[in-house]
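Me: Please take a close look at a single part of this model. Which way does each side of that part face, and what packs against it?

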Amino acid sequence: MKKLLIVLFAMLPMTLMAQQFGYMDYDYVLKLMPEYAEAQQHLTELKAQYQAEMRRSEEEFNRKYNDFLEGQKNFAQSILMRRQRELQGLYENGLAFRKECEDQLKKAEEDMMASVKLALNKAVGKVGTEMNLEYILNTSEHALLFAGPNGFDITNQVKAKLGIE
């Protein structure tokens with residue numbers, strides 16, 4: 001039994017050395033995809049719509065606030081209180097709408113990017129299978145500091161699978 005363990009431990013470095021891996025900058029390739037540009041364009045348009053609505057809401061609040069300031073000396077106490085509550089409600093609604101917009105934009109981005117990332121992941125998987133690679137590492141943000149002789153930069157192969165020149 002001891003001899004078997006020694007033989008297995010002796011063979012372990014050989015099996016590790018035989019493993020090949022690939023690496024690529026995932027974010028770089030993702031941003032080259034036409035679908036990515038389309039998703040970003042849709043997000044820009046959606047963001048502009050939300051910003052226009054937030055601006056309109058803010059302008060309405062500012063107009064009513066200025067009206068309140070101009071007339072507060074002349075208002076009866078009950079009118080003054082009602083206007084203050086109205087302004088408070090507009091302010092709170094504005095904050096809630098801003099939060100809702102942020103959440104909706106985040107969800108829209110996740111939804112739009114899901115199919116783009118799925119296509120990229122499939123291409124990476126196909127290249128990995130074709131090249132008989134054990135692992136594929138993401139070098140985005142300089143996560144891979146060193147790639148030895150058993151590593152392959154698969155960026156061009158993935159781009160070719162996606163039809164990117």
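Reply: Asn156 and Ala160 are exposed on one side of α5. Exposed means over 50% relative accessible area, buried under 20%, and partly exposed in between, with a 1.4 Å probe and protein chains only. The buried residues of α5 are Thr155, Val158 and Lys159. They sit on the same side of the helix, because they cover an arc of only 100° around the axis. That arc is taken from the directions running from the helix axis to the C-beta atoms. Asn156 and Ala160 lie on the other side.

The model is predicted, so local features need pLDDT of at least 70 and side-chain atom pairs count only at pLDDT 80 or more, while totals for chains, interfaces and linings use all residues. Numbering starts from 1 along each chain as its sequence is written, and side-chain values use heavy atoms, with hydrogens and water left out.

Now the cover. The buried residues of α5 are covered by elements including β1 (21-24), α2 (26-32), α4 and β3 (151-153). Elements are DSSP runs numbered from the N terminus: helices are H or I with at least four residues, strands E with at least two.

Take α4 in detail. Helix α4 spans residues 77-130 and α5 spans residues 155-162. They pack at an angle of about 120°, with axes 9 Å apart. That makes α4 oblique to α5. Under 35 degrees is roughly parallel, over 145 roughly antiparallel, 65 to 115 roughly perpendicular, and the rest oblique. Axes are lines fitted to C-alpha atoms, for helices over the stretch in contact, and angles run from 0 to 180 degrees between N-to-C directions.

The crossing is right-handed: the near helix is turned clockwise from the far one by less than a right angle.

Which residues make the contact? From α4 come Ala119, Leu120, Ala123, Val124, Lys126, Val127 and Glu130. From α5 come Gln157, Val158, Lys161 and Leu162. Contact means heavy atoms within 4.5 Å. By class, there are seven nonpolar, one polar and three charged residues. Ala, Val, Leu, Ile, Met, Phe, Trp, Tyr, Cys and Pro count as nonpolar; Asp, Glu, Lys and Arg as charged; the others, Gly among them, as polar.

Then the end of the helix. Gly163 follows α5, and its phi is positive, near 80°.

Last, the setting. The protein has five helices and three strands. From the N terminus, the order is α-β-α-α-α-β-β-α. Of its 165 residues, 22% count as buried.
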